[in-house]
Every structure is written in C-alpha cells, then in structure tokens.
Amino acid sequence: MKSCDRSTPRDWVDNAVRLIDADAQRSADTHLIRYPLPVAWNVQLYLKDESTHITGSLKHRLARSLFLYAICNGWVTEGTTVVEASSGSTAVSEAYFAKLLGLDFVAVMPASTSPQKIALIEAQGGRCHFVRRPPEMYTEAARLAAECGGHYMDQFTHAERATDWRGNNNIAESIFEQMTLETHPVPEWVVVGAGTGGTSATIGRYIRYRRHATKLAVVDPENSAFYGGYETADSGYETGMSSRIEGIGRPRVEPSFVGQVVDRMIGVPDAGSIAAARYASKVLGRRVGGSTGTNLWGVFAIIAEMLAAGRGGSVVTLLCDGGDRYAGTYFDDAWVELQGMSLVEPTAILDKFVATGEWTG
C-alpha cells in the first residue's frame, strides 16, 4: 500500500482560529442608526454603522473572513508573510489580524492612497508597498508573495466565498435581525457599494436564501468598471482607471462581484459622493467617509422614487467608515478644487431633496 502523508501539526492553526474567534466574541455587533427623515414621508432610513469595528470600517468583517478562510485552507500557517492588494481599509483590518497572529503583513496599494490610511496600516505593524497605477496592484502583490514564500490573500477573488452568506452573523443576517421590531421590518431596498463585490454578493444571496422581498441596489462611483460590466453583462469589463472614492470602485470587474444577485446599479458622480458625505456628517454630528456619501446619493434617489409612487417602507445602507481618515481629501476644499470638482450643484440637489422629497440628481 502506498501512502503520502503531508499532514503538519495543527497547534498553531487551532490557536490562530481561537484568537480570531475570541476577538469577535469580545466585540459587540455594530449599530443600526436611524437617519432623520420627515415623519410625513413614512419612509425610514437606516445606516449600518460599520465604523465602530475596532479597525474602523466595514472591511473588518472581510479581513476576519479572509484570514479564517486562508488558515483553514492551509494557506496561512505559522511564520507566513501575508500580502494583500488594497486601497486602504482592507489593509488596515488585515494588518490588525496579522498582528494578532504574529504574522508579517505587506499592503500593495496605489501611491495616491490617503496618508491617514497609510498611517493606520503602519500603526498595526504593516508595511506599505506602492505602485504607480492601480491595475498593477494584483500582479505586484502576487510577485511579492511568491518572492518571500508568503501568501497573497487576494481579497478581490476570495471575498464572495470566504464569507458564509447563509448566516454565521454575516452583515446581512445582522441587518435583518436588527430590523425585526421596526415599523417596516423588511426593507424595500438595501443599498451598498462594491469594492471587491463581496458585501453585495453576501447580501444578495442572503435575501434570496431567506426569501425576503427586499431588492439590492449597488452604487458605483466614476471611473469604476462595475456599472459598465453590469450594464453590458461583461464580467471582463475594464476602465483601467482608479476611483477617487476610496474603498469602492475598481478598474475592472472583480471576480467576487456577482451581478446576478443585484437588482439595480446606480452610477454616482464623485462630487455627489463627497457632497453627500459632508451633508450626512452635519446631520449625524460626525464625519463619514466618501463611500458612505456614495451610498446615500443612491439611497436618496430611491427614496424619492418611493415618495413619488406613494409608497412607504424602509431602506438600509452602510456607514462604511469614519470621515476623519479623509480630512486631507474629501473634507478639504483645496483638494476638491484641485480635482476639478464643484460641490455647489450636488449640495443644491441634496437641499431640494430634504425640503421636498424630490430628486434631480
């Protein structure tokens, strides 16, 4: 009888999974915040506040899932250097988990990534490796991992499969459980952006699995490929350009984006994203990031349609991260002007929506 045994001691793996699970057990679920709208509208808007994770963003959930997936697949073991291609927030969260497990972490990112995010990655013990053009991140991350004998986490491929979309306290399950006592417990719409596409895939699958009537809308910023790929049903669609709204938008349709579970795509101008982020920051009394602004621009358009049709109901979106990370960009008038943008028109659109419920964006 022939036998080939490649088994290795699992003490490190057992302890790594325990450490990650213990970290989750120490954490409370994120809040579902009511965003103030006129009572007469009979429409309630909720923001799932992912900024309260210990690493400050929605990507904390993804990083946890990716590490568990890689460890349980045998790809990450004791001493493995973890490499990721990331525009910022995923790298912040992955650097946190790498530090928790005593692993080296390298983030491959565009040179245009905000200084605040770079500082957050380095504060977690991660190292930043920069590329000139965003599309170069993938191949450079793979090259670095091969060069050091490490593991390329590849969030853009594995995001949709690393998360258990049926439940296990994923973001979809959390949202629907937190909505159960609300006036309209089953949302008319859930609205999210797409970076890897993992969040929209999880939510879209969960909605179908639980047989909810909820529809899923994905908002997409300028230069991103997701809208064009969805419109043309072309999974290979590319723009080759980077998004100015960090955390969402990609130069290509990523493997984790599952367009078949998306009911609607909404293109959002970058000036609209930034104006909406600033607008919501004043309403909520604290800064929110640009991707939250993108979400809200799409949400307000949907709510205006509901009002025009005389329909009540609830809408849920994500507060993806805090705005302090973008003090030098989205909340800096000089930076906005340097980008050739004006916030006058989108702010007027927001003012009119709040006053009348009409949307002209």
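Two residues are in contact when heavy atoms of theirs lie within 4.5 Å. The legends below use contact in this sense, and the model shown is predicted.

**View 1. Gly267 and its contacts.**
Gly267 lies in strand 9, which covers residues 264-268. Leaving aside residues up to four places away in sequence, Gly267 touches Asp220 and Tyr227. Gly298 is 31 residues from Gly267 along the chain, and the C-alpha atoms of the two are separated by 8.1 Å. Gly267 has a relative accessibility of 44% and therefore counts as partly exposed, because that class lies between the buried limit of 20% and the exposed limit of 50%.

Six strands form an open sheet in the order 1-2-10-7-8-9, and their pairing is mixed. The edges are taken by strand 1 (32-35) and strand 9; each has a single partner strand, so one side of each has no neighbour in the sheet. From one strand to the next, the twist averages 25°. Strand 9 is also the strand that holds Gly267.

In general, the strands of a sheet pair through backbone hydrogen bonds, in either a parallel or an antiparallel way. Here, strand 1 pairs with strand 2 (residues 43-49) in the antiparallel sense, over four bridges. Ile33 has Leu47 of strand 2 as its bridge partner. Helix 7, residues 171-178, packs on the sheet and touches strand 1, strand 2 and strand 10 (313-319). The direction of helix 7 makes an angle of about 135° with that of strand 2.

Asn223 sits in the loop that runs between strand 8 (215-221) and helix 9 (226-232). The phi angle of Asn223 is near 75°, which is a positive value in a residue other than glycine. With a relative accessible area of 29%, Asn223 is partly exposed.

Where is Ala233 placed? Ala233 belongs to the loop between helix 9 and strand 9. The phi angle of Ala233 is near 55°, again a positive value in a residue other than glycine. Why does Ala233 count as exposed? Its relative accessibility is 71%, and a residue is called exposed because its value is over 50%.

Note on methods. Residues numbered from 1 in each chain as written. Predicted model: local features only at pLDDT ≥ 70, side-chain atom pairs only at ≥ 80, totals over all residues. Heavy atoms only, no water. Helix = DSSP H or I, 4+ residues; strand = E, 2+ residues; numbered from the N terminus. Buried < 20%, exposed > 50% of the residue type's maximum accessible area, 1.4 Å probe, protein only. Pairing = 2+ DSSP bridges. Axes fitted to C-alpha atoms, helices over the stretch in contact; angles between N-to-C directions.
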